[in-house]
Amino acid sequence: MQATAENNADQHKEGLDALGCNTPHRRFYERLRQSLPSERIVRNSLAREVMSRDASLYRLLPRLVVLVRDEREVQAVLEAARAYRIGITFRAAGTSLSGQAVTDEVLVQLDTPFWRRVRISQRGARIALGPSTTGGTANAALAPFGRKIGPDPASVASAQIGGIVANNASGMCCGTEQNSYRTIESLRLVLFDGTILDTGSEESRADFRESHAEMLEDLRAIAKDLATDNALRSRVIEKHKMKNTMGYGLNAFLDYDDPIDMLEHVVVGSEGSLAFVSEVRYRTVIDARNKAACIVFFPDFESACQAVVRLRDCEGIAALEIADREAFRGIQHVAHFPAAARGYDERATFLLLDVHADERATCVRRCAEVVRVLEEFSVLYRTDFAVDAVRYSAYWAMRKEMYPSLGKSRAPGTFFMQEDLVFPLERLAEGAAAFRAVFDRHGYGKEGIIFGHARDGNLHACLALDLSHEGGVARYEAMVEDLVATVVDRFDGALKGEHGTGRNMAPFVVREWGAKAFALMKRVKTTLDPVGILNPGVVINEDPSVHLAHLKTFPQVASAADACTECGFCERVCPTSSYTMTPRQRVVALRRRAEKKFSSDEEAWFRVAALESCVGDSLCHSVCPVGIDVGELMREERAQKHHALARWLAMRMARNMAFVARAARFLLACIFFVRRRLGLDAARLLHKAARMCGQTLAEEMFVRPLRPATSRKVSKKADWPCVEKEGGEASFVFFPSCASRVFGVGWDNIWESEWGSKRGKKPVSTEEALTNLCFKGGVRGQGLGRSHAHCCGLAFRSKGFFAAADAATERLYRALPKEVRAGKKPLLCDAAPCALRLQQAEAFKGVKVLDAISFAKTILLPRLANGKDSDKDNDKDNNKSPSNAAVVKEAETAVVAHLPCASRRAGLEQDFLVVLEAFSAQPPLVATKTLCCGFGGDLGLKDAALNRHALAGLIECVRQQEGASTVVVSASHTCEIGLGWHSGAACCSIFQWLDRRTESLTPLSPFST
C-alpha cells in the first residue's frame, strides 16, 4: 500500500502495541527493520485486515504484513522468523478457497514487478514465470505461439502462478496429466534456512547436495520406507490416479529417484508449508486451434454419468462438465440457453462437452464420433456442436455462470462456500446422489448446487452458509462430518481434488490417508521445515476443530456490496492494486467499519486509501463474478460525506460551466507563465505555496504544466466550414469534452516537438484534427452551439455529486438539436468516458452517442480509404484499409495502443486496433498489463504517483522499443495528459493520429496552419 506508507510509519500505534513490549513478534519486527524499510512492514490494524482477507471462509488478522521485493528480502524475513520461531505465510492472489493463505502471525506479500517476470523460450515450448504472474498473463504471452500453461483453474485469469503451484491447481481440461506436478520443468526455491535451490541448474543442485546432504538423506529414507510398504505404496499410486490435493504429494517419492526431484515435486501442492517458490518453469501445452462445444440434457444424473464413462475415452474430449438441476436453474437467462430445458424436472442433468483438435477436419470427425456415442443414450435435448467463437463462448458462459448465479441470489449475511470432492468415476452418479443426500439431511436442500469436472470424477458443491450464530456453525460442522464420512468411508474418494487442503480439510488428512501415510507426511514437513515456520497449521494440523475456528461473518454494508464473496477476481484489473486498496479490500474495509466503528486514524486512512484514490473506472464490475461495481460504491460513499455547502457549490458549477472552464484556463495560463518566464525553481516554489494553501495538485502540474486550450473555434461555431462550403446538412453534431476545452498540450510534450514545431507547424488540437479529417473524408458535421457552457456531468458524478451531475446532463440534453434528441443524427463526443456517461444516462435514452473510436471505425475509416464517399457507402466495408498513397506510414514509428477504460467497458478494443492497423506500418502494440491509466478524471492532477503506478506496464512496453520512435495513441484527453507525463513517448488522440497519417489527403481545414 505504497501511497499510505507515511501514514503507516509512525502515526498508527495500534499495530505496534499489539506486538507487546518484549514478545517474539516485537523482536522479530525490530530485527526485520534492519533489512526492510519500516513502511513495508505494515502495522496499521485496518491495513492488516484488508490485506489479509482471501476467498475462503476464514478470517485471521496477522500481527504484521510484510511486503518483499526480491529474494534477498525473503531470506531476511526467514532469518528473523527462524530466530524467534515466528510463523510465515506467503500470500499470492488470495483466490484460494480453503484457508491456506490466511494467518494470525506474519503474512508476506510480493510487492514489485520482479515477481511478475515472464520469459519465453523454445518458441513457446518453455516459459519461466515469477510467482506473482497471473495465469491469464502467462497464457496471453503464450497465445502467439499457440500454446498455454497446463493448469487451467476457473480462476486462471486472476490466480497467480505461486498459488497455482502451491495448490497444484488443475481445472476443467487439464485433469491429472497437465497440472503443475506433471508440467513443471524446474523450480527456483527458497528453503526455510534461506538457501536458494534452483532445480534447473546443475551447479545449484551440486552445491545443494553438498550443503544439505542430511536433508536429502532423510528424503531418501522417506522414499525407501514408502517403497517397501507394499500396501501403502499401492494406496498412494491408486489415490493419485484421480485428482487429489489432500496432504502432501507422496507420489513424488515413488515417481522420482533423485531426492532433489522428490523435493521439487513434493513442494508442488504443499501450500507454501515446505518452501517459497520464487520462479516456476513450465513445459507448456498446445492450445488447440479448433474447438467445438455442445450441451446435452439427460433425464437424470445416473444416465449422464454413464455417458461420461463412454465419452471420456473418445478422442479429443477436452472437458465434460456436469451440473444438476439446481445448478443450471440459475443460468436460464444466459444467451443460447435452450428454451425447452427451462421446464425440465428436478432430476434433469446438464452436460457440456468440449472437443479439441489441431485441424478442422479432425475436429469435425471427433464431433461426429461423440454424436454416435450419444445416440446410445436417452437424452432430453442436444444442441449442435458450436464451432464459431460466439456460440462456443456462450456455451462455456453457461457453465461459468453457475458459480456466480448462486452468489448473486444468496441471502445477505451468508457466506458462499465451494467444496471440492472426487469420486471414483465408475461411482460418480452414486457419489453425487449421496452428496445431495448430505445436503438434504442437514437442511441445505435447494440452497446448494452440484457441478464439476465429470471427466475426472471431480464435483463441486456450492452452499450459502449462515455462520453468524452458533446454530449455523453447528449445522455446518455436522454437514462437514457427514460429508467426510460419505466421501472417505463409503467411496474412498478424495476430499480435495484441486483446491488444496487448507484449514478446512487439514483435520481430515489422517482420516483419508491413514496413520502410516500421515506419519510420512509429518516427516516430510519436519525434514523440509524443522523449525515449523512455513505456513504452520496448514496441511498438517492435528487440531480436530481448526476448520471451525476463525469463521467469517458478513455484516450488511450496502446492497451493492453484500453479494461480495471476497474472491479477489477484481484485483488484477484495478489500477490502485498494490498502491492503496483493491476493490475487494475496499469492501472488506466497509465490513470492518460496520462491525466496529473506525478510530479517527482509521477513518483518515480509509478516506485516503479507499475513497480518494479510487479512480472509479468500474473495470472491477466487468470481471466480478457477482457483478459488483466498487467504483460506484465509492462514489456513493463520497456522496454521503458531502455537506450541504459542497452540494450547493457543485450545483452552481454545473449550471455555470462556461465560467468554470474560463477560470480553469486562467489558472493553467498563470502556472504556465510562471514556468516559462520565471523558470523551474519558481514553478516548484509555486507548487509548495499551493500545497500550503491546501491545494493538493501534483508537482507535474507546475514542473511540466499544461497549456490552456486556446482553440475554441470548433466548439463556438454552430456550422463547420465544410457545410458552408459544400452545402447540405450536417450528418453529426460534435460536443467536445470539458478536458479538451480546458487543457492544451504539455510543457515538454514530445508530440509537439516531433510532429509540430520541427515541421514548422503549430500543434493541432483534437478538435482541429477532427475537422481536418472530416474535410479529407467529405464528412459533414457541425459543432454544438454554446458547447463551452455544458458538461456531460461525469466530473460531478465521479466525486459523488449526483444531483449536480444529473442537472448538467439534463442541461446538455436540452441544448441538443431536435434531430439529435430524436435519434436521427448522432452526437459525437471526443472523450470515451464522457461518451459512455451519455450513453448510460437516463436523460439520453433515444440519443445515439458516438465516441471517438466508433466514429473513426465506422465513419472516417471507409471514407479515408475511398476518398469522399456518399453517406450510402458508409457501411459497405468498414474494415478496408486506406491505400498507401493516401497515408503517411512511418516504419520507424512504433505505435502503442492505450484503450481508455470506458472504451474497454464498451467492448471497443478490436475496433481501436482495426483503425490503428490501417494507418500503421507495423502492428500496433498493446500494453496488456495496463488496463486503466489511473488518471481517474482529475485524480491524476492531484496524485501523479498513482497515474505513474497504473501505467507501469505501458511504460515497460515503451521502454522495450529500443531505437524506435514511439507514439502512444488514446481516445481520452485526460488519459493523454497522464501518458504524456509518464510514458516517455509522444502521446496523442486517435483523431490527431489519423490527421497526421493522412497528411497527403486534401483539402485541409482552415484551422490548420
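## Helices 27 and 37

In this predicted model, helix 27 (residues 644–654) and helix 37 (residues 802–815) have axes that come within 8 Å and cross at roughly 15°. Helices here are DSSP runs (H or I, at least four residues) and strands likewise (E, at least two), numbered from the N terminus. The axes are lines fitted to C-alpha atoms, for helices over the stretch in contact, with angles running from 0 to 180 degrees between N-to-C directions.

Helix 27 passes helix 37 in a right-handed crossing, a term for the near helix being turned clockwise from the far one by less than a right angle, with anticlockwise being left-handed. On the helix 27 side, the contact (heavy atoms within 4.5 Å) is made by Ala650, Met651 and Ala654, and on the helix 37 side by Ala803, Ala804, Ala807, Ala808 and Arg811. These residues divide into 7 nonpolar, no polar and 1 charged.

## Helices 18 and 19

Now to another packed pair. Helix 18 (residues 428–441) and helix 19 (residues 470–490) pack at an angle of about 160°, their axes 9 Å apart, and are therefore roughly antiparallel to each other. The crossing of helix 18 and helix 19 is right-handed.

Helix 18 brings Glu430, Ala434, Phe435, Val438 and Arg441 to the contact, while helix 19 brings Met479, Asp482, Leu483, Thr486 and Arg490. By class, the residues of this contact are 5 nonpolar, 1 polar and 4 charged.

A search of the whole structure turns up 0 disulfides, a disulfide being a pair of cysteine sulfur atoms within 2.5 Å. Cys363 is in no disulfide, and the nearest cysteine sulfur, that of Cys367, is 4.3 Å away. Cys363 counts as buried because its relative accessibility is 2%; buried means under 20% relative accessible area, exposed over 50%, and partly exposed in between (1.4 Å probe, protein chains only).

## Glu302 in helix 14

Glu302 lies in helix 14 (residues 301–311) and counts as partly exposed, with 31% relative accessibility. Leaving aside residues up to four places away in sequence, Glu302 touches Arg347 and Ala429. The C-alpha atoms of Glu302 and Glu203 are separated by 55 Å, these residues being 99 apart along the chain.

## Two positive phi angles

Most residues other than glycine have a negative phi. Arg85, although not a glycine, has a positive phi of about 55°. You will find Arg85 in the loop between helix 5 (71–84) and strand 3 (88–91), where it counts as exposed at 60% relative accessibility.

His550 also has a positive phi, near 60°. The loop holding His550 runs between helix 22 (515–528) and helix 23 (583–595), and His550 counts as partly exposed at 44% relative accessibility.

## Reading the numbers

Residues are numbered from 1 along each chain as its sequence is written, and side-chain values use heavy atoms, leaving out hydrogens and water. As this is a predicted model, local features need pLDDT of at least 70 and side-chain atom pairs count only at pLDDT 80 or more, while totals for chains, interfaces and linings use all residues.

How values were computed: Ala, Val, Leu, Ile, Met, Phe, Trp, Tyr, Cys and Pro count as nonpolar, Asp, Glu, Lys and Arg as charged, and the others, Gly among them, as polar. Angles under 35 degrees count as roughly parallel, over 145 as roughly antiparallel, 65 to 115 as roughly perpendicular and the rest as oblique.
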